[in-house]
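Me: Please walk me through this one while I have it open on my screen. I will ask as I go.

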Amino acid sequence: MNTGLYVHIPFCQSKCYYCDFLSIADNSLEDVYVSALVEELKRYSRKVKRKINTIFIGGGTPTALSVNLLSKICEVIEDNFILDKDIEWTIEVNPGTLTKSHLQIIKNTSINRVSLGLQSSCNNLLKKIGRIHTFEDWENTINDLLGIGITNINTDLMFALPSQTLHDWKCTLARVSQYPITHISAYALILEKNTKLYNDYKNGLFLITSEDVDRQMYATAKEILSSYGFFQYEISNWAKNGYKCKHNILYWTLDEYIGVGLGASGYLNNIRYTNTDDLKKYIQGIDHGTDIIKEEDVITNKMSMEEFMFLGLRMIRGICKKDFKNRYGKNIEEIYGYEINKWKNEKALIENETNIYLTNFGIDISNTVFASFL
Ligand code: SF4
């Protein structure tokens, strides 16, 4: 079993209009936050004596931190955890925020994968959703990363953006795919409450993309990305051969991981936990040795089976029936025979000798399929 480490940095230069992630556009507490984070990392390193196979420093924008603070976090990870020699260590980066000093940190540590949030190649759309960079910034960042030997690069894209046409989306997919990147994640915009875009929509400033166009955009992503050599391995993720994101696969296959930082979630010794999302509480809690965990659940066998199903079905290869038997000591049909047959009859699932996986139609209605296993 692999073990991961997720580190949350909750700071951003400014807030994107669609974003409801745990991030703030105010760095004033970054020093004390990083001191607390470093302490939490050290505590876990003493408690969890396992080899770490994947690390993901995400946020927020990790590169919004001062260089010395980011460097400190990397140093503490390297000095205190046992890192696998083939570790996949990702850092999230906003195009246009990487300075020479950041590049130096990446070069001097075991970081070997960078995830860039681009979203679109159309600069007018980037402006509309409150991104702080242009497409050209992304191009320059790719060149900078290649220049220091980082060749494993993901790019996040979004579709169904306000006023985005199918043509815009095709153009983004084709332009981005031509660059020497290894991985693309593509998600439809979800209008979350308490975001600027949600309020703009409620105030009638734009129309949401119809379900039909949304599905056409998704189908177009499948088509164009595969024509450029990216194969789809999860509902929203495509990779060149050998470059699937190991850290995400760890989540979908129920492997365990440590979550460190504000609002971070972890899964350790069969317990899922989530840290407080209150910045001051987090900092003071670590400082005074009081509890910073907001939620904690012991994962029962039933909960684990449910997660195995709905997380496993996110992957294009689906669920391995033998893995289910090995993990739970029961045949999958014994537990989920009714649901599996129902969705097979509806042409949403396919079952072969070894696996069960979603059809294209099943992907379109995946949330309904997943809910039936809960
Ligand atoms: S950079 Fe990412 S985390 Fe920060 S505001 Fe934008 S979407 Fe949210």
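Me: Where does Gly 60 lie?

Reply: Gly 60 lies in the loop between β2 (51–59) and α2, where helices (H or I, at least four residues) and strands (E, at least two) are DSSP runs numbered from the N terminus. Bear in mind that this is a predicted model, in which local features need pLDDT of at least 70 and side-chain atom pairs count only at pLDDT 80 or more, while totals for chains, interfaces and linings use all residues. Residues are numbered from 1 along each chain as its sequence is written, and side-chain values use heavy atoms, with hydrogens and water left out.

Me: And what kind of peptide bond joins Gly 59 and Gly 60?

Reply: The bond between Gly 59 and Gly 60 is cis, with omega at about 25 degrees.

Me: What about Leu 254, where is that and what is its phi?

Reply: Leu 254 sits in the loop between α9 (246–252) and β9 (256–260), and although Leu 254 is not a glycine, its phi is positive, at about 65 degrees. Most residues other than glycine have a negative phi, and most peptide bonds are trans.

Me: Back to α2, then. At what angle do α2 and α3 pack?

Reply: Helix α2 (residues 67–80) and helix α3 (residues 100–108) pack at about 10 degrees, with their axes 10 Å apart; axes are lines fitted to C-alpha atoms over the stretch in contact, and angles run from 0 to 180 degrees between N-to-C directions. That makes α2 roughly parallel to α3, given that angles under 35 degrees count as roughly parallel, over 145 as roughly antiparallel, 65 to 115 as roughly perpendicular and the rest as oblique.

Me: Which residues make that contact?

Reply: On α2 they are Val 67, Leu 70, Ser 71 and Cys 74, and on α3 Ser 101, His 102 and Ile 105, contact meaning heavy atoms within 4.5 Å. By class, the contact of α2 with α3 has four nonpolar, three polar and no charged residues (Ala, Val, Leu, Ile, Met, Phe, Trp, Tyr, Cys and Pro count as nonpolar, Asp, Glu, Lys and Arg as charged, and the others, Gly among them, as polar).

Me: How do α1 and α10 pack?

Reply: Helix α1 (residues 30–47) and helix α10 (residues 279–288) pack at about 55 degrees, with their axes 9 Å apart, which makes α1 oblique to α10. The contact includes Val 32, Tyr 33 and Arg 43 of α1, and Leu 279, Tyr 282, Ile 283 and Ile 286 of α10. By class, the contact of α1 with α10 has eight nonpolar, no polar and three charged residues.

Me: And α6 with α8, at what angle do they cross?

Reply: Helix α6 (residues 166–177) and helix α8 (residues 211–227) cross at roughly 25 degrees, their axes coming within 10 Å, and α6 and α8 are therefore roughly parallel to each other. Among the residues that meet there are Trp 169 and Lys 170 in α6 and Gln 216 and Met 217 in α8. The contact of α6 with α8 divides into eight nonpolar, three polar and one charged.
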